[in-house]
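Dear colleague,

I am writing to hand over the structure shown here. Please find my notes set out after it.

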Amino acid sequence: MSEKKTRRHWGDRRDARWVKAPGLQTVMGYLLPKRTDCEVYLNDKLDATELVKYLEAKNAAHPEYKTTVFHCAVTAMARVVRERPLMNRFIQGYRMYERNEISISFVVKRRFADGAEESLVVLVPKDTDTLKDISRRIVGDVKETRKSEHSTGGVDALLDGFAKLPRFVLMAAIRIIRWLDFWGINPKVLTEGDPNYTTILCSNLGSIQTPSVYHHLNNYGTNSIMITIGTLHKEEMLMPDGSREIRDVLDYGVTLDERIADGFYFARSMKLIHHIFRHPELLDQPLCEPSGFEY
């Protein structure tokens, strides 16, 4: 997705341009208007052995900056969406839209303790970003978030404010917000920093030593892809030559809105993720540089 600003045309949203979808996808938008009715779930395993070796070498050379598997996964997600633009689409108000930028969001636990507050972080990668840039930005955002045990502004403070409203007032407010959401005219203050309006909403379950799980999409907002990342672990795998080896494995789950593309396109996008993990040096290239993967 290019960062170049495009002229806004009639029917475009503030955050996306209206695209003409094929007949089947257009009709599906009317037959199945709810995103939760169109979920496709994939649970897959990535051979992360080469990635682990790559990270060991990188972190040994720069011990002051620790790059993690999660940082690599987020960078890989951004690269896949950059190279596979249909993954950056969504349906809202019975229309297909393509976002003006790539955005990846995740939840940060302020403290690893029961009852600790959570905060929302949204990352918007640039075309020139590499793993180094994205890793530094994630570390900085997480550190800034954990400076306080309570929300300090942004969408978190907005949600806290809504939660204090009387029930009947909140119900009316939500109905108005959903109507604005349908027509794509929600004010920026309601959408900026909200993970429901990002390309990918991901959950790093490996940070709490939990395997990847299925996670539903939401009808509110424009998010079409939900990814959960499990714990890195050792597992016996069958190799292409028929032998068996103990490899570093990362399991992940992806929930997609099937209306934004077809299964063939989704499958190729998943293959690109495997290619990146087998060739982690691609993460050092700017996102705008093609991976060279032969589909």
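This is a predicted model: local features need pLDDT of at least 70, side-chain atom pairs count only at pLDDT 80 or more; totals for chains, interfaces and linings use all residues.

Three strands make up an open sheet, in the order E1-E4-E3, and their pairing is antiparallel. On average, neighbouring strands here are turned by 40° against each other, with direction ignored.

The contact between E1 and strand E4, residues 95-99, is antiparallel and runs over four bridges. Within E4, Tyr-97 is the bridge partner of Trp-18. In general terms, strands of a sheet pair through backbone hydrogen bonds.

**Aromatic pairs**

How many aromatic pairs does a search of the whole structure find? The count is eight. Two of these pairs are described here.

Tyr-30 and Tyr-94 form a stacked pair, with 4.7 Å from centre to centre and 5° between the planes. This pair links distant parts of the chain: Tyr-30 belongs to helix H1 (residues 23-31), while Tyr-94 lies in the loop between E3 and E4, and the two are 64 residues apart. The angle of 5° falls under the 30 degrees that counts as stacked, which is why the pair is classed in that way.

Are these two residues buried or exposed? Tyr-30 counts as exposed because its relative accessibility is 52%, and the cut-off for that class is over 50%. Tyr-94 has a relative accessible area of 35% and is partly exposed.

Phe-182 and Trp-183 also form an aromatic pair, in this case edge-to-face, with 5.0 Å centre to centre and 80° between the planes. Phe-182 is partly exposed, at 29% relative accessibility, whereas Trp-183, at 52%, counts as exposed.

Which residues do ring pairs link into a cluster? They are Tyr-30, Tyr-94, Phe-182 and Trp-183. The stacked pair of Tyr-30 and Tyr-94 and the edge-to-face pair of Phe-182 and Trp-183 therefore belong to one cluster, given that ring pairs link these four residues.

**Charged groups over rings**

Tyr-97, the partner of Trp-18 in the sheet, also has Arg-13 over its face, at 5.6 Å from the ring centre. Elsewhere, the charged end of Arg-136 sits over the ring of Tyr-65, 3.9 Å from its centre.

With kind regards

Key:
Residues are numbered from 1 along each chain as its sequence is written. Side-chain values use heavy atoms; hydrogens and water are left out. Two strands pair if DSSP finds at least two bridges between them. Axes are lines fitted to C-alpha atoms, for helices over the stretch in contact, and angles run from 0 to 180 degrees between N-to-C directions. Rings of Phe, Tyr and Trp (its six-membered ring) pair if their centres lie within 6.5 Å; planes under 30 degrees apart count as stacked, over 60 as edge-to-face and the rest as tilted. Buried means under 20% relative accessible area, exposed over 50%, partly exposed in between (1.4 Å probe, protein chains only). A charge sits over a ring if NZ of Lys or CZ of Arg is within 6 Å of the ring centre and within 35 degrees of the ring normal.
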